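Good morning, and thank you for joining this group meeting. Please look at the sequence and the structure, which I will now put on the screen.

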Amino acid sequence: MLRTRIRAGPLAGFVLSVLFAAFFAVLSVGELLVPSLAPEMGEPAPVTLRVPYGPRIVRDTHDGSFSLSYEHARVIVPRGTVLSEHNEEHNAAMAYETVRRMRRPGLGARVASTYVIHLIVCLMLTVYLRRFGQNRVRLLRTQVGMFVLMTASLVVAKLLLLFTALPEFWMPVAALPLWVAIAFDRRTAFLVEVGVAFIAASLLRFDVVLLSVLLVRGIAATMFFFKRKGSRQLLVAGSLAGLAGAIGFIALTVLFEGSFDLAADLKLWLGSNVLACIGGGLLVGVLGRSLREPAERAMGHVPRDKLLDLTDLEQPLLKKMAAEAPGSWEHARAMANLAEASAAAIGADALLTRVGAYYHDLGKTVQPKYFIENLAQGERSPHEDLEPEVSADAIMAHVVMGTKILREGNIPEPVVEFAYTHHGTQVVEYFWHKCVEQGNPKELTQEHFRYPGMKPQTKETAILMLVDSIEAASRTIWPPEHKKFEEMIQRVMFSKLASGQLDQSGLTIEDLRIMTTRMASTLVNMYHGRIKYPWQRESDRAGHTPAPPTATPHPVRPATPTPVPSSGAMGRDGSAAAPPASTARGAAAAAPAVRDDAGGAAKDESPAESVRTPKKTH
């Protein structure tokens with residue numbers, strides 16, 4: 001079997017949760033473990049002292065009278081401020097810090113309790129990603145990247161709390177959900193936002209107002225991010241999220257205190273809580289845009305700029321394929337158009353799908369002549385002199401060699417994944433049937449003819465598997481009508497479903513329905529008719545050359561009794577069933593066909609495309 005990307009299992013999820021929960025707990029109370037950071041009355045504060053928002057009893061000695069009042073308040077004593085016993089806020093901050101720094105059993109119990117809470121949050125996140133997230137977020141690399149980015153966000157938040165006097169609402173932790181939404185999906189982003197907001201609030205003793213603002217701002221940023229392709233949209237989403245957070249803050253303040261003086265708050269400028277809510281949203285947009293590429297790389301996702309670079313036809317690997325396996329390269333380009341349109345129709349990553357189509361068959365450059373699309377007219381197929389199992393090995397080798405070449409070429413792993421999943425775990429049926437017809441003298445099993453890859457794990461790789469067969473089978477359809485294409489596409493899709501190749505892809509029935517309609521329309525447009533030039537009509541009338549039907553998608557050649565493995569047919573899976581007579585030409589339906597996948601339609605399997613060997617009988 002090929003080495004594929006590692007998925008996070010229960011043990012890996014548990015280990016990740018244990019390790020990162022410990023780090024989050026240390027981050028939450030780390031300053032308490034450093035004696036030099038303990039504040040002393042009459043001395044400058046070594047770090048910013050903060051008392052979370054909440055109710056408190058305040059002594060009022062105005063006009064010489066003494067009374068007690070109940071109010072909600074938060075306290076911020078900037079770093080470097082000399083602490084005075086005559087300052088009410090300094091006394092409140094010192095009392096809070098004294099309680100936090102109580103030695104045994106107080107401090108140890110707090111650290112343990114904080115760790116347990118963080119462990120529960122991390123376990124909930126890893127279990128969701130493993131059991132309910134899309135396949136890409138189940139990868140170990142992706143989950144590690146998410147936790148690393150979460151840790152980085154919380155470190156920034158902690159530094160802001162300890163070394164600045166800015167309101168805590170400047171925390172830019174919502175950037176992580178934005179990156180997750182860009183790279184994967186919004187549902188995962190929502191859950192990540194809940195986790196990171198909860199842990200960020202724990203840095204300030206689970207301040208309920210802070211937690212609420214972070215949740216509102218993070219979820220709003222994810223909801224307002226409409227276009228993945230537009231980087232400017234990140235700034236718009238951050239701005240709208242900041243406004244949503246400010247509205248939420250005002251509403252909560254009125255709920256707790258009964259009123260809110262907006263003008264007085266705005267006069268504080270950098271100390272304004274409303275401006276902090278808005279500014280924190282803007283900061284999220286700026287960080288989301290400026291750090292988007294490294295963040296996506298950390299989570300194992302290929303940034304859009306890198307994908308665009310890989311589509312450049314001057315890329316060395318693409319030039320290698322065009323030079324050494326030109327037929328396979330042209331097939332890959334045709335697949336790319338069809339696959340990209342299908343991915344865009346269902347909201348999958350269309351650009352990644354196009355790039356995967358370009359590179360998935362690069363292994364055919366090792367032995368290009370084993371695939372029909374790379375044989376010249378009349379050139380003899382090497383499979384005629386090989387045993388079935390040897391031919392199957394030669395065909396299956398393009399999956400292994402393609403993966404090896406791509407990895408050695410430093411192609412991102414999400415693109416490499418297309419190479420070892422586009423045939424899944426199908427059987428090279430053509431050669432298996434040929435082996436059975438010969439009596440199977442070596443008593444081989446189907447496992448000797450099964451591809452060494454893995455089933456598609458994402459919608460994008462599943463689309464490529466389908467398109468690999470559909471694009472080939474489309475060459476057998478005449479006339480190129482929408483209904484006939486739909487029938488062929490549905491048959492290919494059903495064969496993949498029946499063989500279980502789409503079980504782990506995440507494609508839904510709705511996705512398949514939408515793709516069927518879109519691919520049929522695309523194929524109709526690809527094989528549209530053209531009016532003949534005058535010289536062609538004159539040539540036909542003069543009898544110089546036989547005139548094929550107008551708008552034929554490809555010239556028809558006479559069939560031969562010897563099928564040759566196609567790039568995707570025997571070259572991919574080799575099943576021998578011909579397309580239905582209702583969708584193929586009469587000659588094509590009656591002649592032997594070589595197919596590209598287990599149950600899928602053939603690539604170049606019609607007589608018009610498979611005749612590239614000398615005429616001979618067996």
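This is a predicted model: local features need pLDDT of at least 70, side-chain atom pairs count only at pLDDT 80 or more; totals for chains, interfaces and linings use all residues.

**Salt bridges and buried charges**

Let me begin with glutamate 413, which is partly exposed, its relative accessible area being 22%. Throughout this talk, buried means under 20% relative accessible area, exposed means over 50%, and partly exposed lies in between, computed with a 1.4 Å probe on protein chains only. Glutamate 413 is joined to arginine 407 by a salt bridge, with 2.8 Å between the closest N and O atoms. A salt bridge here is a side-chain nitrogen of Lys or Arg within 4 Å of a carboxyl oxygen of Asp or Glu. Salt bridges with shared partners also link Glu31, Glu97, Arg100 and Lys158 into one network.

Residues are numbered from 1 along each chain as its sequence is written, and side-chain values use heavy atoms, with hydrogens and water left out.

Now the overall picture. The protein has 25 helices and 2 strands; these are DSSP runs numbered from the N terminus, helices being H or I with at least four residues and strands E with at least two. Of its 618 residues, 52% are buried. A contact means heavy atoms within 4.5 Å. Among contacts between residues at least 6 apart in sequence, 75% join residues at least 24 apart.

The whole structure holds 22 salt bridges. One of them pairs arginine 292 with glutamate 296, with the closest N and O atoms 3.2 Å apart. Where do arginine 292 and glutamate 296 sit relative to one another? They are 4 residues apart in helix α11 (residues 292-298), so about one helical turn separates them. Arginine 292 counts as buried at 12% relative accessibility, and glutamate 296 is buried at 2%. Lysine 364 and aspartate 361 also form a salt bridge, at 3.2 Å from N to O, and both residues are buried.

Arginine 217, in helix α7 (residues 208-224), is buried yet has no salt bridge. The nearest side chain of opposite charge, that of glutamate 193, is 7.4 Å away; Lys and Arg count as positive and Asp and Glu as negative, while His and the chain ends are not counted. Leaving aside residues up to four places away in sequence, arginine 217 touches several residues, including Phe169, Trp170, Met171 and Cys277.

A polar atom of the glutamine 143 side chain lies 3.2 Å from the backbone oxygen of valine 137. Beyond four places in sequence, the residues that glutamine 143 touches include Ala8, Leu16 and Thr126. The C-alpha atoms of leucine 16 and valine 144 are 7.5 Å apart, although 128 residues separate them along the chain.

Finally, helix α19 (residues 459-473) has 15 residues and spans 21 Å from first to last C-alpha, close to the 21 Å expected at 1.5 Å a residue; the expected span is 1.5 Å times one less than the number of residues. α19 bends by about 25 degrees at valine 467, the bend being the angle between axes fitted to the seven residues ending there and the seven starting there. Of the 15 residues in α19, 14 are buried.

Key: A polar contact is a pair of N or O atoms within 3.5 Å; within protein, one must be able to donate a hydrogen and the other to accept it, and residues adjacent in sequence count only if both atoms are side-chain atoms.
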